[in-house]
Amino acid sequence: YGFAKDYNAPRGHYYALQDNVNTLRTGAPVDDKSGPMPTACWTCKSPDVPRLIERDGEKEFFTGKWSRYGSEVVNSIGCADCHDNETAELTIRRPYLDRALVAAGLPTFKDSTHQKKRSLVCAQCHSEYYSKKTKYTGTDGKEITANVVTFPWAEGLTAENMEKYYDAINFKDWTHKISKTPMLKAQHPGYEIASTGIHAQKGVACADCHMPYTQEGAVKYSDHQIQNPLDTMDRSCMPCHRESEKKLKDIVKQKYDRKDFLMEIAMDNIAKAHLETGKAIELGATDDELKAIRTGIRHAQWRWDYSIASHGSFFHAPEETLRLLASANETAQQARLKLVRVLAKYDAINFSAPDFSTKENAQKLAGVPLQKLIDAKMEFKATLEKAWYKEAVQKGNLNMESREGVDRESSYFKK
């Protein structure tokens, strides 16, 4: 799966598009019909996306490979992602969010309060989603399948609600190579998990902390250098909190350490469950014998992943984050207890999972050909990526001066 190839520290919106191009997850296409990823992988990286959805139609946009729009999606996240082009009012230009709100029984963006809109514009991208296969008829009369970005909110916005939704439609993001488990990959459910935290319950919007109000003379505006609120505590935190900045930072550090502690324990049990299931398969265990075990692994990893794929979860909703990690750990342990019986049946009661404590060891066990992927990516960057930007400039889609300071030539792997 893509995340096994590459999972790096996030950077700001300014770099979102380039990081999407650089990552090994998007592969090394050689033309507009090759590569591992669908067009959906552009969805949250550029204001060019709503432009293309409005120009080509949503189903048409979500058809084909990621590489198809390489020369069209060339401007990183900007004003038009959150604001009306003419009035500058807050708006959403990705129609799937309103569909999700309706499915969840919540007010649409238009019917929401202004304060709520200051979070919903973020929810367009900082939410869990999957690619829903949607059939439509093309201009040539033939049936085509689009992979439309869809939020799984019809049962509710909690991890368990989404788990129920995915199980009901028998959805999987991929089948795990080692345990053969049908897996779910949490994307970035920042909006959903934050909505369970105390700040959201008190009516605080994403923008209140990440885009704090700034005063320059008589002008008051939201700071659009969206960043960690701890870097702007005088404006993000202190207007509401009366503790010292140091005390607040110490509290946040405590929450982070507690999250990391439980995350590591749960991750360890989930990974061992995969490896022990792989051993059981090797020894002849049947799908019937492993069905309940795989369900446990699927649910455990989903809850673990959901709790941490939302990067700031430990701060946004610390109690919910710890609850999910505890549930993930318990579910993984129950799966491993069932595995003890299966391994004993096949005379492997003493089997111990191999070491996966480093990235290198884990990728080796998963069979990730890292150097091959890197070489292919660097070839892509030297050829097709350059052609994309040249074509984008010729079409008038890109002013290269806007990308000044963006490192286009290298990637994480070359440095």
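The model is predicted. Asp 167 belongs to helix H7, which covers residues 159-168. Leaving aside residues up to four places away in sequence, Asp 167 touches Arg 298 and His 299. The link to Arg 298 includes a polar contact between the two side chains, at 2.9 Å. His 299 sits 132 residues from Asp 167 along the chain, yet their C-alpha atoms are 9.6 Å apart.

The largest nonpolar core has 55 residues. Within that core, Trp 42 and Trp 153 touch the most other members. Trp 153 has contacts with Leu 97, Ala 100, Leu 101, Ala 103 and Ala 104, and also with Ser 127, Met 162, Tyr 191 and Glu 192, again not counting residues up to four places away in sequence. A second core of 13 residues is separate, and Trp 174, Met 183, Ala 285 and Ile 293 are among its members.

Helix H3 spans residues 48-56. Asp 48, Val 49, Pro 50, Leu 52 and Ile 53 are buried there. An α-helix has 3.6 residues a turn, so residues three or four places apart point the same way. The buried residues of H3 pack against helix H4, residues 58-61. Gly 57 follows H3 and has a positive phi, near 95°.

Another glycine with positive phi lies in a hairpin: Gly 217, at about 65°, is in the turn between strands E5 and E6. Two residues separate these strands. E5 covers residues 213-216 and E6 covers residues 219-222. The two strands run antiparallel and are joined by four bridges.

Finally, the cysteines. How many disulfides does a search of the whole structure find? The search finds zero. For Cys 240, the nearest cysteine sulfur belongs to Cys 209, 7.5 Å away. A disulfide needs the two sulfur atoms within 2.5 Å, and Cys 240 is in no disulfide. Is Cys 240 buried or exposed? Cys 240 counts as exposed because its relative accessibility is 64%, and exposed means over 50%. Cys 44 counts as buried, because its relative accessibility is 14% and the buried class is under 20%.

Terms used:
Residues are numbered from 1 along each chain as its sequence is written. This is a predicted model: local features need pLDDT of at least 70, side-chain atom pairs count only at pLDDT 80 or more; totals for chains, interfaces and linings use all residues. Side-chain values use heavy atoms; hydrogens and water are left out. Buried means under 20% relative accessible area, exposed over 50%, partly exposed in between (1.4 Å probe, protein chains only). Two strands pair if DSSP finds at least two bridges between them. A nonpolar core is a set of buried Ala, Val, Leu, Ile, Met, Phe, Trp, Tyr and Cys residues joined through side-chain atoms within 4.5 Å. Contact means heavy atoms within 4.5 Å. A polar contact is a pair of N or O atoms within 3.5 Å; within protein, one must be able to donate a hydrogen and the other to accept it, and residues adjacent in sequence count only if both atoms are side-chain atoms.
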